[in-house]
Amino acid sequence: MIRFDEVSKFYAGNPRPALNGITLEILKGEFVFLVGASGSGKSSFLRLVLKEEKPSKGQIHVLGQRLGTLSSRKVPYFRRNLGVVFQDFRLLPQKSVFDNVAFTLQVIGKSKGYISEAVPDVLKMVGLAGKSARLPHELSGGEQQRVAIARAIVNRPAILLADEPTGNLDPSTSAGIMTLLDRINASGTTVLMATHDAGIVDQMQRRVIELSGGTIVRDERSGGYQTQAVPIQQIGQDAAQPRTQSVQTQTMPGPRLDPESVERQSVPSWGADK
Ligand SMILES: Nc1ncnc2c1ncn2[C@@H]1O[C@H](COP(=O)(O)OP(=O)(O)OP(=O)(O)O)[C@@H](O)[C@H]1O
């Protein structure tokens, strides 16, 4: 679904690579956390998947397409298969909740009839059925992020990319957003989420890819935010040569994922036939 082969990314004026020799594959239906310190390359990774940036070296395949050979004319069509959610929501402030979500479909030429069915469906799914006439500033942060998620999935993308989607939210609101992303993933959408939120990663126990200085330092099928190898003080003759030992992740009490925090209902099979 997403494949990087020896991908490096250099930005102009920066001699250090943002990404350095990345090789990995993300399969259909996976939920993957991308973690790492600020500047480790997470957003660059997501921008390459979206073809917002080109790799300096290596090949990227997304949904069976080799991005290097995708003409700029075809990029908008390619991106219809990808939903994107950002930390700062990026809603259109003058448009209602309904119109923010409908806008995505209008841009790609969907009919009024289609829009009038699809938008209420997706707003119901994200738990905002009664708020379609509100403006973004009349919503809480968590509700605004739900609108952004509704907008990202209304066209049923095969892949949902989320860049710090809980970065502006308190722990319990974040937990509601994660419940929603989990449900979207359970319905078949591949989810790739960059985050600094240790509590969420520790609680979800999904695949974790950790970047450091643009390289992958960890890729665990199911893990927490950190697997630390810490120096331990040795007793006796080895004391001058500290060794390392894996220790259990020190899990902060994370937010609880509350299954009741979003409306329960049948979820359409987002991207299942892509
Ligand atoms: N447009 C750019 N021009 C030059 N350098 C850039 C550009 N974008 C990112 N970088 C550099 O590339 C490296 C990786 O940045 P990136 O934004 O991918 O990291 P990140 O892990 O997403 O960080 P954060 O967690 O703070 O969002 C950093 O050293 C950054 O300064």
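**Reading helix packing and a ligand site**

Of the 13 residues around the ligand, S38, G39, K42, S43 and S44 come nearest, where near means that a heavy atom lies within 4 Å.

Q: What kind of model is this, and how are residues numbered?
A: This is a predicted model, in which local features need pLDDT of at least 70, side-chain atom pairs count only at pLDDT 80 or more, and totals for chains, interfaces and linings use all residues. Residues are numbered from 1 along each chain as its sequence is written, and side-chain values use heavy atoms, leaving out hydrogens and water.

Q: Which atom of S38 lies 2.4 Å from an oxygen atom of the ligand?
A: Start with the term: a polar contact is a pair of N or O atoms within 3.5 Å. For S38, a polar side-chain atom lies 2.4 Å from a ligand oxygen atom. S43 uses a backbone N or O atom, 2.8 Å from an oxygen atom of the ligand. R47 has a polar side-chain atom 3.4 Å from a nitrogen atom of the ligand.

Q: How do I read the packing of α3 and α5?
A: Two packed helices are described by the angle between their axes and the distance between the axes. Axes are lines fitted to C-alpha atoms, for helices over the stretch in contact, and angles run from 0 to 180 degrees between N-to-C directions. Helices are DSSP runs (H or I, at least four residues), numbered from the N terminus. Here, helix α3 (residues 97-107) and helix α5 (residues 141-153) pack at about 25°, with axes 8 Å apart. They are therefore roughly parallel, a label for angles under 35 degrees.

Q: Which residues make that contact?
A: Contact means heavy atoms within 4.5 Å. From α3 come V97, N100, V101 and T104, and from α5 come V147, A150 and R151.

Q: At what angle do α5 and α6 pack?
A: Helix α6 (residues 171-186) packs with α5 at an angle of about 15°, and their axes are 10 Å apart. This pair is therefore roughly parallel too. On the α5 side, G142, Q145, R146, I149 and I153 meet T173, G176, I177, L180, L181 and I184 of α6.

Q: How do α3 and α4 cross?
A: The axes of α3 and helix α4 (residues 112-125) come within 10 Å and cross at roughly 125°.

Methods:
Helix = DSSP H or I, 4+ residues; strand = E, 2+ residues; numbered from the N terminus. Parallel < 35°, antiparallel > 145°, perpendicular 65-115°, else oblique. Polar contact = N/O pair within 3.5 Å; in protein donor to acceptor, adjacent residues only side chain to side chain.
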